[in-house]
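Me: Hi, I have a structure open and would like to go through it with you bit by bit. Could you keep the answers in plain words?

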Amino acid sequence: MENCLEVKNLSKSFKNFQLNDITFTLPKGYIMGLIGPNGSGKTTIIKLILNMLKRSDGEVKILGLDNIKNEKETKMNLGVVCDSNYFSDEWKVSQIEKSVSLFYKNWDTQKFSNMLKKFNIITSKKIKELSKGMQMKLMLAYAFSYNAKLLILDEPTSGLDPVSRDELLDILLEYIEDGEHSVLFSTHITEDLERIADYITYIKHGELFFSGGKNEFVDMFRVVKGGNEELSMNLKRKIVNIRNFSTGFEALIKTENLKDFEHLNIEKATIYDIVVFTSNRGEHHE
């Protein structure tokens with residue numbers, strides 16, 4: 001399987017934070033969710049991939065090319081969509097092509113025009129007059145028009161209404177259909193990843209917690225619920241994390257310990273469950 005993105009032993013040191021030895025690969029034709037609590041290092045990883053920060057150690061390859069030694073070539077194959085618009089607010093949509101197309105040898109005027117029509121983006125409007133959902137679509141149309149092979153999204157669905165979020169996810173699924181395009185999708189909205197992600201990379205406090213298939217990730221854990229009196233000291237030692245309520249508890253356990261909890265109510269864990277339970281020390285609710 002050919003990889004679109006390879007991150008190997010990536011590290012970055014700051015005064016109060018250390019991104020330490022991060023390794024993962026994203027094959028062509030797939031979507032990877034990049035998850036973790038605030039301050040875990042997700043944005044740092046994206047900036048290192050884009051060569052916006054100087055790395056302390058490690059390497060990044062995009063389509064087999066080093067992102068520093070071959071920066072110009074790799075950025076020709078990169079598309080970026082952030083949670084906020086990066087075009088000038090005062091530009092009209094019709095001005096974008098004239099302003100940016102000269103930077104891309106693969107720019108396709110017809111494709112850009114087709115994308116604007118497909119996304120129902122009115123070319124006479126100024127960027128600031130577009131809704132947030134339309135601005136997201138405009139950034140995608142821009143990336144698609146020079147045939148970016150790797151799309152990196154940093155919280156793109158944050159603040160979007162449910163219809164716009166759903167449309168964006170459909171666009172991403174269509175984007176990877178040919179097997180030649182890939183998506184790295186950083187988000188706190190784990191429901192989006194439940195729907196479209198093939199792989200998950202989970203960063204926790206600057207360390208790699210997991211990177212692999214989404215199904216493998218969620219199958220590693222289960223959520224158990226029951227009364228507090230049903231939880232012995234022996235069982236407590238096998239719990240990853242627990243939340244206590246006046247009426248009982250819910251806890252995250254490793255699937256390998258499932259047999260010990262068969263007398264309790266057991267549910268499949270979601271990506272959200274895993275992130276919440278592994279990111280803190282549990283909560284007590286009365």
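This is a predicted model: local features need pLDDT of at least 70, side-chain atom pairs count only at pLDDT 80 or more; totals for chains, interfaces and linings use all residues.

Me: OK, and which helix is Leu140 in?
Reply: Leu140 belongs to helix α5, which covers residues 132–144.

Me: Which residues does Leu140 touch, leaving out those up to four places away in sequence?
Reply: With those left out, Leu140 is in contact with Val81, Phe119, Leu151, Leu168, Ile171 and Leu172.

Me: And how far is the C-alpha atom of Leu140 from that of Met115?
Reply: The two C-alpha atoms lie 8.6 Å apart, although Leu140 and Met115 are separated by 25 residues along the chain.

Me: Switching to pockets, what is the volume of the largest pocket?
Reply: The largest pocket holds about 230 Å³ of space, and its lining is made up of Leu50, Met52, Lys75, Leu78, Gly79, Val80, Cys82, Tyr86, Tyr104, Tyr142 and Tyr146.

Me: Which strand gives the most to that lining?
Reply: That is strand β6, residues 78–81, which contributes 3 residues to the lining of the largest pocket.

Me: How does the lining of the largest pocket split by class?
Reply: The lining of the largest pocket has 9 nonpolar residues, together with 1 polar and 1 charged.

Me: What about the second largest pocket, how much space is in there?
Reply: The second largest pocket contains about 200 Å³ of space, and of the 13 residues lining it, Lys111, Met115, Phe144, Glu174 and Tyr175 are the closest to its centre. The elements that each give two or more residues to this lining are α4 (109–118), α5 and α6 (162–175), so Met115 turns up here again, among the residues closest to the centre.

Me: How many residues of each class does the lining of the second largest pocket have?
Reply: In the second largest pocket, the lining divides into 7 nonpolar, 2 polar and 4 charged residues.

Me: Zooming out, how many helices and strands are in the protein chain?
Reply: The protein chain has 10 helices and 14 strands, and its C-alpha atoms fill a box of roughly 70 × 40 × 40 Å along the principal axes.

Me: Last one: what percentage of the residues of the protein chain count as buried?
Reply: Of its 286 residues, 49% count as buried, while the protein chain exposes about 14,200 Å², with carbon and sulfur atoms supplying 47% of that area.

Definitions and conventions:
Residues are numbered from 1 along each chain as its sequence is written. Side-chain values use heavy atoms; hydrogens and water are left out. Helices (H or I, at least four residues) and strands (E, at least two) are DSSP runs, numbered from the N terminus. Contact means heavy atoms within 4.5 Å. On a 1 Å grid over the protein atoms alone, a cavity is a set of points where a 1.4 Å probe fits but cannot get out, and a pocket is an open set with protein on both sides within 12 Å along at least five of seven lines; lining residues have an atom within 4 Å of a point. Grid points are joined across faces, edges and corners, and a volume is the space filled by probe spheres set on the points. Ala, Val, Leu, Ile, Met, Phe, Trp, Tyr, Cys and Pro count as nonpolar, Asp, Glu, Lys and Arg as charged, and the others, Gly among them, as polar. Buried means under 20% relative accessible area, exposed over 50%, partly exposed in between (1.4 Å probe, protein chains only). Accessible areas come from the Shrake-Rupley method with a 1.4 Å probe; for residues, only the protein chains shown count as cover.
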